[in-house]
Amino acid sequence: MPIELKIAALGALLLFVHIFAATRFKTAQYGRTWNVGARDAVLPAPNPMTGRMMRAQANFQETFPIAIVVLLGAVIAGRTSEWTAIGGWIWLGARLVYVPLYWAGVPVVRTIVWTIGMVGLALVIWPLLVG
């Protein structure tokens, strides 16, 4: 199995982590009744921690489709290489580091880590654009 598919699968697992982490903080703030209910009520603004986890999840959901397209695209097009694998691992590693940085409210470094992840995706997409 191409490593790019494994990276995509691990990315899906990381999405689960984001969803469960954000839900854990939302449930802690809004209660179990909110969690199991229809969620129709207007809620107060999230506290800083809940807000960070929600934003981290949203950020991952914005970039994960790009990762899926380029990782699967490289496999389908037969354009995988050591560079697409390295790029995929860079993206995944950066996304793993990004979560605790966002959780802790670390500025600047978090953005640098996000940028490193995008550079990783650029390594994967490049063979699709020039091939």
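A crossing of two helices is called left-handed if the near helix is turned anticlockwise from the far one by less than a right angle, and right-handed if it is turned clockwise. In the predicted model described here, helix H4 passes helix H5 in a left-handed crossing.

The protein contains 5 helices and 0 strands, and its elements follow the pattern α-α-α-α-α along the sequence. Its C-alpha atoms fill a box of roughly 50 × 30 × 20 Å along the principal axes. Of the 131 residues, 35% are buried. Among contacts between residues at least 6 apart in sequence, 77% join residues at least 24 apart. Ala-77 belongs to the loop between H3 and H4 and, with a relative accessible area of 46%, is partly exposed.

The axes of H4 and H5 come within 7 Å and cross at roughly 160°. Because angles over 145 degrees count as roughly antiparallel, H4 is roughly antiparallel to H5. On the H4 side, the residues that meet H5 include Trp-83, Thr-84, Gly-87, Gly-88, Ile-90, Trp-91 and Ala-94. Further along H4, Arg-95, Val-97, Tyr-98, Leu-101 and Tyr-102 also take part. The H5 side is made up of Val-109, Arg-110, Val-113, Trp-114, Ile-116, Gly-117, Gly-120, Leu-121, Leu-123, Val-124 and Pro-127. By class, the residues of this contact divide into 16 nonpolar, 5 polar and 2 charged.

H4 also packs against H3. The axes of H3 and H4 come within 10 Å and cross at roughly 175°, so H3 is roughly antiparallel to H4. H3 contributes Met-49, Arg-52, Met-53, Arg-55, Ala-56, Asn-59, Phe-60, Thr-63, Phe-64, Ala-67, Leu-71 and Ala-74 to the contact. The H4 residues involved are Thr-84, Gly-88, Trp-91, Arg-95, Tyr-98, Val-99, Tyr-102 and Trp-103. This contact comprises 13 nonpolar, 4 polar and 3 charged residues.

In soluble globular proteins, nonpolar side chains tend to be buried together. The largest nonpolar core of the model has 19 residues. Met-53, Phe-60, Phe-64, Ala-67, Leu-71 and Trp-91 have the most contacts inside this core. At least two of its residues come from each of helix H1 (3-30), H3, helix H4 (82-103) and helix H5 (109-130). A second, separate core has 6 residues, among them Ala-56, Ala-94, Tyr-102 and Val-113.

His-18 lies in helix H1 and, not counting residues up to four places away in sequence, touches Ala-56, Gln-57, Phe-60 and Val-99. Of these, Phe-60 is listed among the residues with the most contacts inside the largest core, while Ala-56 belongs to the second core. Thr-50 is found in helix H3 (residues 48-76). With residues up to four places away in sequence again set aside, Thr-50 touches Phe-25, Lys-26 and Gln-29.

Backbone geometry in the loops was also considered. Arg-39 is not a glycine, yet has a positive phi of about 60°. Arg-39 is placed in the loop between helix H2 (32-36) and H3 and counts as partly exposed at 44% relative accessibility. Val-108, likewise not a glycine, has a positive phi of about 60°. The position of Val-108 is in the loop between H4 and H5. Because exposed means over 50% relative accessible area, Val-108 counts as exposed at 57%.

Technical notes
Residues are numbered from 1 along each chain as its sequence is written. This is a predicted model: local features need pLDDT of at least 70, side-chain atom pairs count only at pLDDT 80 or more; totals for chains, interfaces and linings use all residues. Side-chain values use heavy atoms; hydrogens and water are left out. Helices (H or I, at least four residues) and strands (E, at least two) are DSSP runs, numbered from the N terminus. Contact means heavy atoms within 4.5 Å. A nonpolar core is a set of buried Ala, Val, Leu, Ile, Met, Phe, Trp, Tyr and Cys residues joined through side-chain atoms within 4.5 Å. Buried means under 20% relative accessible area, exposed over 50%, partly exposed in between (1.4 Å probe, protein chains only). Axes are lines fitted to C-alpha atoms, for helices over the stretch in contact, and angles run from 0 to 180 degrees between N-to-C directions. Angles under 35 degrees count as roughly parallel, over 145 as roughly antiparallel, 65 to 115 as roughly perpendicular and the rest as oblique. Ala, Val, Leu, Ile, Met, Phe, Trp, Tyr, Cys and Pro count as nonpolar, Asp, Glu, Lys and Arg as charged, and the others, Gly among them, as polar.
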